Amino acid sequence: MVAGLAATALAVVGFLAYQASVSAPAGTLGKPRSPSAAPTVPSVEQKPKDPLALPARTSTGTRVVYALGERRVWLVTGKKRVSRTFQVMPSTVHPKPGSYAVTSRSGQVSGSDGAAIEHVVRFASVDKVTIGFSAAVNGSMSAPDPEKRTGGVRMLRSDGDSMWRFATIGTKVVVVP
């Protein structure tokens, strides 16, 4: 009787082993797993936008591009060659998006907020407030008093130097939202 139970047990184990081998993927029994021949499809990820990239649809040719929302300026030569980009502190009065031209420049004056400024490059006027780029002589880029109507778009002195050399009378200024 013990021999019969042993034979039955061996038959059951053999059957279960057979079942396992039939349900296992081909070529996996007794062998280490190898990588799949088919590559896995990576999840689709968008490249993050370059925060310094020139905004789309900003005209062509030599121009200054001023993005109101990004508080950034690009000095662009040729088709899309950016020679410099930098942060600015917007004034309390903003020009509408569109195309303008540099109308006047001043080496050193007092700003509408009373600060000593240099390298003033003016390009627009909104409700009798002149809008222009400038650098405070003391190097500050503090936010303007929200109670005052000012048109000075402030930048660092080094950026003001670049703007001064780049944006001569008649240079196109493109303002984007």
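Tutor: Strand S7 gives the largest share of the lining of the largest pocket, six residues. Keep in mind that this is a predicted model.

Student: Which other strands supply at least two residues of that lining?

Tutor: Besides S7 (129–136), strand S5 (104–110), S6 and strand S8 (152–155) each supply at least two.

Student: And how many residues line the pocket, and which lie nearest its centre?

Tutor: The lining has 31 residues, and Gly 111, Ser 112, Asp 113, Gly 152 and Arg 154 lie nearest the centre. The space in the pocket is about 380 Å³.

Student: What's the lining like by class?

Tutor: It has 14 nonpolar, 12 polar and five charged residues.

Student: Okay, switching to Arg 122. Where is it found?

Tutor: Arg 122 is in strand S6, residues 116–126.

Student: What does its side chain make a polar contact with?

Tutor: The side chain of Ser 106, at 2.8 Å. Leaving aside neighbours within four places in sequence, Arg 122 is also in contact with other residues, including Val 109, Thr 130 and Ile 131.

Student: Now Arg 81: buried or exposed?

Tutor: Exposed, because its relative accessibility is 56% and the cut-off for exposed is over 50%. Arg 81 lies in strand S3, residues 81–87.

Student: What does Arg 81 touch?

Tutor: Not counting residues up to four places away in sequence, Arg 81 touches Leu 75 and Val 76.

Student: And how far apart are Arg 81 and Thr 62?

Tutor: They are 19 residues apart in sequence and 9.0 Å apart in space, C-alpha to C-alpha.

Methods. Residues numbered from 1 in each chain as written. Predicted model: local features only at pLDDT ≥ 70, side-chain atom pairs only at ≥ 80, totals over all residues. Heavy atoms only, no water. Helix = DSSP H or I, 4+ residues; strand = E, 2+ residues; numbered from the N terminus. Polar contact = N/O pair within 3.5 Å; in protein donor to acceptor, adjacent residues only side chain to side chain. Contact = heavy atoms within 4.5 Å. 1 Å grid on protein atoms, 1.4 Å probe; cavity = no way out; pocket = protein on both sides within 12 Å on 5 of 7 lines; lining within 4 Å. Points joined across faces, edges and corners; volume = space filled by probe spheres on them. Nonpolar A, V, L, I, M, F, W, Y, C, P; charged D, E, K, R; others polar. Buried < 20%, exposed > 50% of the residue type's maximum accessible area, 1.4 Å probe, protein only.
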